[in-house]
Every structure is written in structure tokens, then in C-alpha cells.
Amino acid sequence: MAVSRRGRYLGNVAYQLATTLATAREAVLSSWAHRYERGGKRGPGALPARQHAPIVAGLLEGLAVAVAGDAVALAPGQP
């Protein structure tokens, strides 16, 4: 159950986000890469999205686990 900082129930938002991140990871990563490549906020010498993709994929996986509430799976050294 997702609860806001003020204690309000947020419904199935966390579940939906975790499910989307887990099942559509490639689509989310592709969308991020597209926006990253077209973004005007990157400085000169910025690396292409394909070099950041493994890091972002790991972040997406960790976010999905954290949002799902399975913090035990986030222990250091776990695959």
C-alpha cells in the first residue's frame, strides 16, 4: 500500500509503477535513451545513452524492487 508523506492512501500507484518497471523495462529504458539523446541539457563531451544504459537499467531494477516494498532484495551484493 502506498502512502504519501501526509499519510494519505495513494492506491495501487506503487504496485503499478513496480509492475511497469519490471515488465516493460526495455520500453522504459528505450524511452529514457531517446529523451537523453535529444535533451539539450547535456554538456559538451557527454557520453551517448548506450554507454549509460547498463547503469540506468540497474537503477530501474532497484527502483522497481524498492517501490514494490521488497527491501530485503536490495541488500548489498545481491544479484
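Visitor: Setting aside its neighbours within four places in sequence, which residues is Leu-60 in contact with?

Guide: This is a predicted model. In it, Leu-60 touches Leu-21, Arg-25, Val-28 and Leu-29, once neighbours within four places in sequence are left aside.

Visitor: Which residues make up the largest nonpolar core?

Guide: In soluble globular proteins, nonpolar side chains tend to be buried together. Here the largest nonpolar core has 6 residues: Leu-21, Leu-29, Ala-53, Val-56, Leu-60 and Ala-64. Helix H3, residues 49-68, gives the most to this core, with 4 residues.

Visitor: How many helices and strands does the protein chain have?

Guide: The protein chain has 3 helices and 0 strands, and its elements run α-α-α from the N terminus on.

Visitor: At what angle do the axes of H2 and H3 cross?

Guide: The axes of H2 (residues 25-38) and H3 cross at roughly 135° and come within 10 Å. The crossing of H2 and H3 is right-handed.

Visitor: Which residues meet between H2 and H3?

Guide: From H2 they include Arg-25, Val-28, Leu-29 and Trp-32; from H3 they include Ala-53, Val-56, Leu-60 and Glu-61.

Visitor: What share of the protein chain is buried?

Guide: Buried residues are 15% of the 79 residues. The protein chain exposes about 6200 Å², with carbon and sulfur atoms supplying 58% of it.

Conventions. Residues numbered from 1 in each chain as written. Predicted model: local features only at pLDDT ≥ 70, side-chain atom pairs only at ≥ 80, totals over all residues. Heavy atoms only, no water. Core = buried A, V, L, I, M, F, W, Y, C linked by side-chain atoms within 4.5 Å. Buried < 20%, exposed > 50% of the residue type's maximum accessible area, 1.4 Å probe, protein only. Helix = DSSP H or I, 4+ residues; strand = E, 2+ residues; numbered from the N terminus. Contact = heavy atoms within 4.5 Å. Areas by Shrake-Rupley, 256 points an atom, 1.4 Å probe, with all protein chains shown as cover. Axes fitted to C-alpha atoms, helices over the stretch in contact; angles between N-to-C directions. Left-handed = near helix turned anticlockwise from the far one by under 90°.
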